[in-house]
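Me: I have a structure open and would like to learn how to read it. Please take me through it feature by feature.

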Amino acid sequence: MKFKGKAWVAGDDIDTDQIYHGQYLPLTDPHEMAKHAMEYVPGMDNFPREAKKGDIVVAGKNFGTGSSREHAVLCLQYLGVSCVVAQSFSRIFFRNAVNLGYPVIECPGIAGRVKTGDVIEVDDESGLVTSVATGASVQGVPPSGLEKEIAGSGGLLEFLKKKSPEELAQL
Amino acid sequence: MGLTFAEKLLAAKAGEARVRPGQIIEASPDVAMSHDNAGLVITQFKRIGVDRVWDPSKIVIPLDHRVPAESTKTANAHKMIREFVKAQGITAFYDVREGVCHQVMVEKAHVLPGALALGTDSHTTSYGCVAAFGTGIGATEMAAVWATGKLWLRVPESIRVDAAGGFPDMVYPKDLILYLVGRLGVEGANYCSVEFHGPAVAAMGIPGRFTLCNLAMEMGAKNAVVPYDRVTGDFLNGIGAGHGTAFLPDGDAEYVRKEICDVSRLAPQVACPHSVDNVRPVEEVAGKKIDQVVLGSCTNGRIEDLEVAAAIISGKRIHPDVRMLVVPASRTILLEAMKCGAIQKLVEAGAVLVNPGCGPCLGAHEGILGDGEVCLASTNRNFKGRMGSRTSEVYLASPATVAASALTGKITDPRRVG
């Protein structure tokens with residue numbers, strides 16, 4: 001799938017408390033959760049209010065470091081951020097995103113190539129990230145077979161639900 | 001070429017003779033742990049359309065993050081979890097009284113050497129202290145594990161740390177691991193299995209090994225381990241548990257990185273805001289004024305930690321401008337600390353005793369920081385605003401440094417407190 005949207009650029013090592021602070025973990029209402037997305041990222045206080053559906057987060061290295069909380073993925077998904085492109089992802093955040101059917105694109109060469117406000121296009125199948133204004137593009141890492149299969153189903157639960165009870169028993 | 005701990009263990013779990021880093025395997029966990037976030041796991045589990053969990057005897061649920069419940073939302077989530085465990089026949093359920101999940105898992109022998117343990121918590125890496133393979137996953141993935149009893153894992157590359165020498169006075173395993181996180185960086189071990197070896201580790205008890213494996217997460221480790229040895233065996237005998245299976249890495253195993261350090265030359269270390277790899281020797285940050293100290297957590301809330309702090313603080317007064325919070329990692333530890341007098345000494349000196357659990361570590365309750373406040377904690381994370389206000393700061397150190405600083409009201413080198 002291709003996503004086109006306005007980029008919000010965040011730095012390196014954006015941790016799970018910055019993306020979704022621990023104090024909000026008991027929240028379950030998607031609308032309430034979305035209100036706190038990226039709230040603790042320095043300089044991005046306005047993000048939950050100003051980010052529009054379809055916008056894209058572009059981050060540095062090790063995005064999502066820290067806790068195993070899925071809320072860090074869900075708050076972005078619920079806010080309508082279409083995908084996250086990062087130089088690299090922390091292990092559990094990446095795995096959670098795949099399992100929740102949320103597109104995340106690892107793109108080691110993205111640093112310094114996009115600034116906040118640029119409109120970019122992201123192809124989550126090929127891993128290609130393109131600036132709409134200049135046409136310049138950076139090649140990211142395309143998803144592996146299993147990632148593709150789970151993500152293509154819309155996440156791990158949908159992937160399992162597609163299976164018959166017999167197939168589930170075989171798993 | 002020989003095999004690492006992770007390669008040997010995962011090959012056995014996958015039923016294969018040999019696995020290599022990068023390979024995707026399917027395995028069934030020996031134990032699956034969830035804490036308060038079991039609420040979210042249950043919600044996701046119900047969406048799959050399977051009625052019963054795959055094996056109720058392999059699921060462990062200790063409530064620890066917000067205990068006793070700090071809000072109606074949490075109270076209702078806890079209530080749902082209690083109902084679910086009863087309905088599913090999950091007997092290894094520990095209600096709000098028992099302590100931090102990771103401590104409970106080790107203490108109650110839910111993880112044994114050679115176990116593949118999954119937890120919906122990043123610090124599940126801690127189980128390497130008893131030579132198990134512990135790794136953190138998200139709630140949705142755990143729901144799938146509850147339904148199917150299986151998950152996929154990528155076989156990790158391994159990093160080998162060799163620690164030699166004896167620890168100097170007032171220098172502890174916490175200082176060693178903070179030093180290593182500082183050296184490798186917060187993504188220095190991302191996706192990797194970290195093995196701890198060497199004489200300094202061989203001489204270390206399970207509590208110190210717990211601290212190492214717990215904080216290895218802060219360099220991104222998928223799992224961390226101190227391979228099975230006599231110390232592991234003695235500990236398991238002590239708690240009346242079996243010895244599991246010892247997976248010992250081969251001498252010629254292949255590592256992507258090797259680190260060697262001599263702990264006898266190590267000074268107390270402090271991780272400064274707002275990243276766990278922002279580590280400096282205590283001398284460089286000594287004098288920083290603090291408002292709160294936290295002694296406890298799954299990182300450093302064990303009896304040895306409380307005793308070290310009590311010995312430093314005994315007979316003295318905590319600085320009047322400092323709130324000292326003491327959070328034993330479990331009920332068992334609290335009872336021990338009451339018996340040995342550590343709690344008496346700490347409370348007499350002015351400390352506030354908080355019930356066993358995660359306490360203020362994740363900024364949920366029981367000691368939130370106000371605007372601009374500074375905390376020195378024996379916990380594992382100092383992310384921006386982690387313990388409360390986004391303008392607050394958290395520094396991380398050993399229980400000894402925490403105790404010494406509680407007396408002076410500023411970050412203090414424990415070697416200088418007589």
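Me: Is Asp321(B) buried or exposed?

Reply: First, the ground rules. This is a predicted model, in which local features need pLDDT of at least 70, side-chain atom pairs count only at pLDDT 80 or more, and totals for chains, interfaces and linings use all residues. Residues are numbered from 1 along each chain as its sequence is written, while chains are lettered from A and ligands numbered from 1 in the order in which they are written. Now burial. A residue is buried if 20 or more other C-beta atoms lie within 10 Å of its own, exposed if 12 or fewer, and partly exposed in between, with C-beta atoms placed from the backbone. Asp321(B) has 11 other C-beta atoms within 10 Å, so Asp321(B) is exposed.

Me: Where is Asp321(B) placed, and with which residues is Asp321(B) in contact, leaving aside its neighbours within four places in sequence?

Reply: Two residues are in contact if their C-beta atoms, placed from the backbone, lie within 7 Å. Helices (H or I, at least four residues) and strands (E, at least two) are DSSP runs, numbered from the N terminus. Asp321(B) sits in the loop between α12 (303–313) and β15 (323–327) of chain B. Leaving aside neighbours within four places in sequence, Asp321(B) touches Asp291(B) and Gly409(B). Gly409(B) is 88 residues away along the chain, yet the two C-alpha atoms are separated by 6.6 Å.

Me: How many residues of helix α1 of chain B are buried?

Reply: Helix α1 (residues 5–14) of chain B is mostly covered, with eight of its 10 residues buried. Among them are Phe5(B), Leu9(B) and Leu10(B), but also Glu7(B) and Lys13(B). After α1(B) comes Gly15(B), with a positive phi near 70°.

Me: What are the domains of chain B?

Reply: Domain bounds come from an automatic or database domain assignment. For chain B it gives domain 1 (5–157 + 206–252) and domain 2 (269–416). Their C-alpha centres lie 27 Å apart. Each domain of chain B gives 20 residues to the contact. On the domain 1 side, α4 (101–107) and α8 (206–216) of chain B are the elements that give two or more residues.

Me: How many residues of chain B are in contact with chain A?

Reply: Chain B puts 42 residues in contact with 31 residues of chain A. On the chain B side, the elements giving two or more residues are α2 (38–48), α3 (72–88) and α5 (139–148). The largest share, seven residues, comes from α5(B).

Me: What is the strand order in the sheet of chain A?

Reply: Strands of a sheet pair through backbone hydrogen bonds, either parallel or antiparallel. Here, two strands pair if DSSP finds at least two bridges between them. Chain A has an open sheet of seven strands, ordered β4-β3-β2-β1-β5-β6-β7, with mixed pairing. β4 (104–106) and β7 (137–139) of chain A are at the edges with a single partner strand each, so one side of each lacks a neighbour in the sheet. Inspect one pair. Strand β1 (residues 2–9) and strand β5 (residues 119–123) of chain A are antiparallel over five bridges. Phe3(A) stands opposite Val122(A) in β5(A).

Me: What share of chain A is buried?

Reply: Of the 171 residues in chain A, 50% are buried. In chain A, 63% of the contacts with a separation of 6 or more join residues 24 or more positions apart.
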